[in-house]
Amino acid sequence: MNEGQQTLLDFMRQEQGKLAAQTLTHIGLTFISLLIAIAIGLPLGILIARKRKLSGIVLGTAGVFQTIPSIALLGFLIPAFGIGAKPAIFALLLYALLPIIRNTYTGITGVDAAIKEAAYGMGMSYSQVLFKVELPLAMPVILAGIRTATVINVGVATLASLIAAGGLGEFIFGGISLNNTNMILAGAIPAAMLAILFDFLLSRVQNIDLKKVRIGIKVIPVALFILACFYFVPSAYAGKLVAGFTPEFMGRRDGDLGLRDRYGLKIHTVVISDAVMYKAAYEKHLDVISGYSTDGRLKAFDLVVLNDDKQIFPPYYAAPIVSQEALRKFPDLEKTLNLLAGKIDDSTMTNLNYKVDYLHQSPEKVATDFLIAKGLYKQPRNGNVGTVRIGSKIFVEQYILASMYTTLIKGCTDYDVSTKTGLGGTQICFGALKNNEIDVYPEYTGTGLLVMLSVKPRIIDSLVTDKNKTYDYVSRQFDNQYHIKWLNPIGFNNTYALMMRKSQAEKLNIKTISDLKRYLESN
Amino acid sequence: MIAVDNLSKHFGQIKAVDGISFNVNEGENLILLGTSGCGKTTTLKMINRLIESTSGKITVNGKHIADTKPEELRRGIGYVLQNTGLFPHYTVAQNIAVVPQLLKWDKQRIETRTREMMDKLNLDHTYFNVFPGDLSGGQQQRVGLARALVADPPVLLMDEPFGALDPVTRANIRREFMELDELKRKTMVMVTHDVLEAFELGDRICLMDNGKIIQTGTPAELLFKPTNDFVREFLKEQRLLLEFRSIKLSDIWDLLPDKSNGEAVAINCNCSVWETLEAINESKESAITAANPLNGEAKTITFTQLLSTFHQYQNSVTA
């Protein structure tokens, strides 16, 4: 599969089922939260317009919600709401509240005092003034607030895919992880079009004749309700087990694509961020997750790896990769980095990860402790012959490895080190190395084979069963194509894996991925 | 009809209205006159409870207003605002029909009455479904008056009803307004700062200053028997015009020379001196014949005769 040469339309056609489901989910999420936000915001706006002393507190609080970064807000909500639609809707609701409350307040307080006085003077009651005079006259302003809230929600709803609530963010974040432009656009363009479309429709509603507004008041809630129901359309055909895969896993051959091709695995899948996936599996929000075989959380959350009996996950032996230029510039570098070769096996790495993930030790401390235990630790020499730039991807194992290399280089050479940790996914890190923004970072043979090299499926099949063949092929190709050298493997194999809760896997008697498929197809 | 007794309204330390009392008789038009901030509008709004009084008592038709729910009280009192206060999202017809709607009249009755009011206030029926924003200021004020009068309330409160209009429109609407038979039976309280308007429309005038009533009386009483210098000063600038306008031929009838040249009667003795002077000025003759229906007399008056008689009367009342 060579996605780089597909056109956007090809991609959209090929993924039209997913695209339609994501779009419906996206619309649904946007409008469920909008509907609730209106149900809360409108009365609150009316209340503070009547009791102005409260306006400072209410608008201030709603304003604070608005300033919380959206990803952080989703993070705060997971302990309370778990994953999926609930926290996503709640977060969107908080973002939609401010424009609705504020515009209701502004709209009502903005009604000409003489008109209100006339209404009271004619003998209207409190509620008659509200419904016959204030709300109709404030309606254009209130609708403007709802319009703003809708556009904000369409945008923020893309982040819902990080916590398994679905939506067009699945394509966007998958595309970013895989550097697949078509995939990013397949999510981003529909999202942008939804925003433009709803903005346009609401602007039409806003501009209709004052007199007809009263009809609009009846039509709009119905329309919103129907749109909100879209959320439930895709999830109507959910299966008995739920899988949560990262956006990156969704688009990889040694990921969801391989599971579907080679195993024929059909499972109801939600897209979720790596950061919350393990916990969600532990808390039974998810049954099957994609993960890494050395992840410390495997141990912490009592999960078990399913045996990859058809070998779709290639070996992922970790090794530092360095640009040839850096090797010339820093003659002692290769020797120093290779000090770690063969020193860490799978269980050691899992344990190191566990210390950071679960015992909350810093990656630096874990790295230093390990080096001391292995007798590799030396005091920093504070050298200044040159600066080696070390990169890492945005997960714990990479932080630990980057930290070990930093300590080794500082202790064994006269080079200084600058670290650029957290360079996002594979493509960002690799791009930085190619563009000479970093000199070295730890990479995995499987990633090199499947993500960076365009290799024919036939060749892949012949390589993935043997870890040495894979390493040799990858290091040869990298040298030729990119002038990047693979140093000696560190020892452990951090492969992709499917995992389940140990208790559930035992109960259902699932040991391999084929067992999982058989279970899903039974009944 | 309306009795105000020792009424006060304090906003914090400021005494906007300070212990005032007055009565408005049935069918009478009382004017609250004064400069801005004298408390006249506050007084008016306390009568329909748009502002609640700090102390004192108001009765309308013998009933204490605090005993009636504000909404019900207001539905029985017509209210005209200075800048119309029309509802921009209601058509002209809907605006006029606000109070009947609140009173739950049936549809047919509302429509008939609305059209009747539009006729009376010279509003073309093509305006029926037009929004107020598309009308001129004068027409808007007609709609405002129609809205206040539509349910035929016995009491009408008006807060500078002609204040926002240009002088020509203002004079026209005021004249039409006073000729409305609808108004003949009404008890009215009207706020204005325009002395001429007050003297033209008011049966009695309450001159207010600083939250207090300085003098209550007929236009002639204010002119010729001012209680203090404030009243005199207040009326000084337009004094002659006010006197010409407020003194009627009947007031000076006995002082007029007793002769008639037998010409046809041109005016009635209910006309003011001002109107008579205008009539003489406009006629080709140098004199005009006026009739007094009370005793059947007719007198022919010249310009100079009228002026000297007027002076004579002035001296007699101020002496």
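Helices here are DSSP runs of H or I of at least four residues, strands are runs of E of at least two, both numbered from the N terminus.

I noted that this is a predicted model, where local features need pLDDT of at least 70, side-chain atom pairs count only at pLDDT 80 or more, and totals for chains, interfaces and linings use all residues. Residues are numbered from 1 along each chain as its sequence is written, and chains are lettered from A in the order in which they are written, with ligands numbered from 1.

I then checked the axes: α5 (85-109) and α7 (126-156) of chain A come within 8 Å and cross at roughly 160° (lines fitted to C-alpha atoms over the stretch in contact, angles from 0 to 180 degrees between N-to-C directions). The pair is therefore roughly antiparallel (over 145 degrees).

Next I looked at the sheet. It is open, has 5 strands in the order β2-β1-β3-β10-β4 (chain A), and its pairing is mixed (a pair needs at least two DSSP bridges). β2 (268-271) and β4 (303-305) of chain A each have a single partner strand, so one side of each lacks a neighbour in the sheet. I got an average twist of 35° from one strand to the next.

I zoomed in on β3 (288-292) and β10 (496-501) of chain A, which pair in the antiparallel sense over 5 bridges. Tyr292(A) has Tyr496(A) in β10(A) as its bridge partner.

Terms used. Angles under 35 degrees count as roughly parallel, over 145 as roughly antiparallel, 65 to 115 as roughly perpendicular and the rest as oblique.
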